[in-house]
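Colleague: Can you walk me through this one?

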Amino acid sequence: MADATCIPIYFISKLARENGTIVVQTGDGADELFAGYRGWKKYYKLYPWYHRFSALPSFAKSAVAAVAGNINEYSKAGEIIQRGVHRQELFWGGAKAFKEHTKRDFLQQKFTDQIGDADSYNVIKKYRDAFAILQKKNPQLNDVDWMCYLGFKFLIPAKYLYRMDRLGMANSIEVRNPFLDFNVINKALSVPSQYKIKNDEPKYILKKSLERILPNEILYRKKMGFCVPLREWAGDIMVDYMEQNMKSFC
């Protein structure tokens with residue numbers, strides 16, 4: 001996986017095993033089931049406008065896309081407009097690493113001819129179609145529910161569980177995910193979306209339920225990623241490493 005978070009997870013798993021721990025618990029699933037990512041809020045707020053744009057006639061959307069393309073087709077707004085033009089979903093979760101126009105810039109024409117209309121959206125289209133069926137049976141399901149659904153069905157198994165299980169077992173420890181107990185999942189998916197994001201607070205109902213257990217400075221602190229110093233590593237350190245090792249191949 002091209003995910004830098006694998007690095008600290010590997011080493012903290014190694015440290016746990018060296019200290020005699022053979023089973024660990026993670027918080028995986030809470031953010032996806034309870035809309036805990038602050039980055040999701042921009043989609044939640046943009047959706048009403050996106051639905052209006054998507055409902056426009058094709059000629060109107062194409063005209064907007066043409067104007068946007070003349071301004072800056074590489075902007076995030078330009079990418080969003082293209083999704084609306086092609087009647088695609090706004091929120092794709094983790095189903096892309098490069099924007100479509102970026103791929104067109106560096107992929108060879110022969111390859112793009114072979115894949116035809118295939119793009120990153122094809123990865124999640126089956127999930128969107130399945131959710132549309134659920135919406136017909138449950139009209140109250142909305143855009144926040146879609147984001148949680150995609151997170152649960154796609155992000156968790158394809159990325160987070162995949163990553164954690166292999167890195168844990170690489171150090172001979174087993175991983176348990178309390179938030180992914182089927183009882184918790186069923187309860188979380190039944191919670192109305194207005195209780196997942198409320199007063200602009202993500203994961204609202206989960207945090208409220210823990211106020212008697214955890215202090216507010218823990219519950220409501222700014223979300224902290226589990227990251228590594230990629231900017232520094234990708235600078236002089238990596239350049240020096242590549243230069244030294246490339247010489248051995250010359």
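Modeller: First, the burial terms: buried is under 20% relative accessible area, exposed is over 50%, and partly exposed sits in between (1.4 Å probe, protein chains only). It's a predicted model, so local features need pLDDT of at least 70 and side-chain atom pairs pLDDT 80 or more, while totals for chains, interfaces and linings use all residues. Numbering runs from 1 along each chain as its sequence is written, and side-chain values use heavy atoms, without hydrogens or water.

Colleague: Is D129 buried or exposed, or partly exposed?

Modeller: D129 forms a salt bridge (Lys or Arg side-chain nitrogen within 4 Å of an Asp or Glu carboxyl oxygen) with K125. Both lie in helix α8, four residues apart, about one turn; helices here are DSSP H or I runs of at least four residues, numbered from the N terminus. With a relative accessible area of 39%, D129 comes out as partly exposed.

Colleague: Which residue does R128 form a salt bridge with?

Modeller: The closest N and O atoms of that pair are 2.7 Å apart. It links distant parts of the chain, from R128 in α8 to a loop between α5 and α6, 39 residues apart.

Colleague: How far apart are the closest N and O atoms of E18 and K14?

Modeller: These two are about one helical turn apart because they sit four residues apart in helix α1. E18 is exposed at 54%, whereas K14 is partly exposed at 32%. Their salt bridge has its closest N and O atoms at 2.6 Å.

Colleague: How many salt bridges does the structure hold?

Modeller: Some join into a network, which links D31, K203 and K223. The structure's count is 12.
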